[in-house]
There are 2 protein chains.
Amino acid sequence: MIRLFVPQELNPGAALPLDPGQSRYLAAVMRLAVGDELALFNGRDGEWRARITTLGKRNVTVTPEAKTRPQAPGSDLDLIVALVKRGRLETIVEKAAELGAARVRPVITQHTNADRVRLERLQAIAVEAAEQTGRLDVPKVFEPLKLEKLLAGWETGRHLLFCDEAGDAAPLIDALREAPGGAWAILVGPEGGFSPAERDRLRTLSFAIPVSLGPRILRADTAAISAMTLWQAALGDWRP
Amino acid sequence: MIRLFVPQELNPGAALPLDPGQSRYLAAVMRLAVGDELALFNGRDGEWRARITTLGKRNVTVTPEAKTRPQAPGSDLDLIVALVKRGRLETIVEKAAELGAARVRPVITQHTNADRVRLERLQAIAVEAAEQTGRLDVPKVFEPLKLEKLLAGWETGRHLLFCDEAGDAAPLIDALREAPGGAWAILVGPEGGFSPAERDRLRTLSFAIPVSLGPRILRADTAAISAMTLWQAALGDWRP
């Protein structure tokens, strides 16, 4: 079953125009016909069974018929990741969607060697991955921010897992054993690692827990996926 | 520090010729000079500090000086993964190297829609990832085999985590809580999932434990990375 994210409200019987990209996808790529079923979600109103009601090459309309899944709150998990090369950053956004993160926040650190993102493209990757993974919302991708600025404006009550390559941190799985639920963030550094000053600063923060991801050097995408996996397995929705 | 995998024996003072690709990498890409240091490993003799002794564009020789890390046995972990599109299979091999798998075994299942691999290229990716991740061996990538044939010749005593999308399996992290150490394998299916017949067959195997990777549909590369992460965190070398 094809799933599409739409920005509009979902109401039974109210036909919705799809955007040109989605229209082309349904008409030209998937070759659907009027009357064919698909699923819609908008991040607020749950998942709906819908049907194609009109079909043009660039303008398809779909009509929601019935709600099939209620909207449920997702994990309140931020993935904060130092900017890395475009391909790996795109992988990270895709995986954040699959692994249930609510937000992706690229940050600029002292050893970051990239400073721009194609935000629209990253957000489109997040939408497509959310459609395919079956979730009912889409992670929001933010404009890059300096790490220092992000830490200065830290939201009260949000815990931070800081993936520390220094080696003396506790294994992530052990650090989460007694951890509380609620709002969390995971911070993954650049491929060159955090600077000593950044590491010292992070270690003084009352809300930050330094954690280790094993004895090998991981690329940023691997570290992000591994950390999100362990968080979901221990505190998130990977347990019934 | 640059790390290179070489097939030769490592002995102090015995100059080794590097292959043309490695020679070009050191001379032209990294622009090293005679006398510069690097690290060598061969999967058997630990890690050695070495120096460049002669330098041509396509023929560089290096001389091991002293062993800096002893060879230690790696995790006895097979990653068995249904063939997926080339890019994702390459990612999976790279991540298997970073996450400490000993072997990658591509398999052909009923819903597999690819049947060939570029084995030499996959092995080269495994070597490069092993060099960068800091391990002292390289995961071996095997020729694809039919899943049925692989199961028929199953090695006595090796446990199998079977990543089951059916939904009623125990979370992987719980399944491993009381699990023994030793030889393990992880099996990840194709993007279309296992067939009902394959799932039934896998569930009858005494050595196989069906496990769940959460409520969302994961791409094959994500499932492989998540499963290897949880295995390393629970049973592997992610604990001191």
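A:Leu99 is buried, since 31 other C-beta atoms lie within 10 Å (a residue is buried if 20 or more other C-beta atoms lie within 10 Å of its own, exposed if 12 or fewer, and partly exposed in between, with C-beta atoms placed from the backbone). The model is predicted: local features need pLDDT of at least 70 and side-chain atom pairs count only at pLDDT 80 or more, while totals for chains, interfaces and linings use all residues. Residues are numbered from 1 along each chain as its sequence is written, and chains are lettered from A and ligands numbered from 1 in the order in which they are written.

A:Leu99 is placed in the loop between α2 (86-98) and β7 (103-108) of chain A; helices (H or I, at least four residues) and strands (E, at least two) are DSSP runs, numbered from the N terminus. Neighbours within four places in sequence aside, A:Leu99 is in contact with A:Ile225, A:Met228, A:Thr229 and A:Gln232, contact being defined by C-beta atoms, placed from the backbone, that lie within 7 Å. The C-alpha atoms of A:Leu99 and A:Trp231 are 9.6 Å apart, although 132 residues separate the two in sequence.

The helix α2(A) packs against helix α3 (residues 119-133) of chain A at an angle of about 35 degrees, with the axes 8 Å apart. Axes are lines fitted to C-alpha atoms, for helices over the stretch in contact, and angles run from 0 to 180 degrees between N-to-C directions. The crossing of α2(A) and α3(A) is right-handed, meaning that the near helix is turned clockwise from the far one by less than a right angle. Residues of α2(A) including A:Leu89, A:Val93 and A:Ala97 meet residues of α3(A), among them A:Leu122, A:Ile125 and A:Ala129. The contact of α2(A) with α3(A) comprises eight nonpolar, one polar and three charged residues; Ala, Val, Leu, Ile, Met, Phe, Trp, Tyr, Cys and Pro count as nonpolar, Asp, Glu, Lys and Arg as charged, and the others, Gly among them, as polar.

Strand β10 (residues 159-163) of chain A is largely enclosed by the rest of the structure, because four of its five residues are buried. β10(A) pairs in the parallel sense with strand β12 (residues 184-188) of chain A over four bridges, where two strands pair if DSSP finds at least two bridges between them. Four bridges also join β10(A) to strand β13 (residues 208-212) of chain A, again in parallel. A:Leu161 stands opposite A:Ile186 in β12(A) and opposite A:Ile209 in β13(A).

In chain B, five strands form an open sheet of mixed pairing in the order β1-β3-β4-β5-β2. β1 (3-5) and β2 (16-17) of chain B are at the edges with a single partner strand each, so one side of each has no neighbour in the sheet. Two bridges pair β2(B) with strand β5 (residues 60-69) of chain B in the antiparallel sense, and B:Pro17 has B:Thr61 as its bridge partner in β5(B). Helix α1 (residues 20-29) of chain B lies across β1, β4 (47-55) and β5 of chain B, at about 85 degrees to β5(B).

The contact between the chains takes 27 residues from chain B and 27 residues from chain A. On the side of chain B that touches chain A, α7(B) gives the largest share, eight residues. That side divides into 11 nonpolar, nine polar and seven charged residues.

Methods
Contact = placed C-beta atoms within 7 Å.
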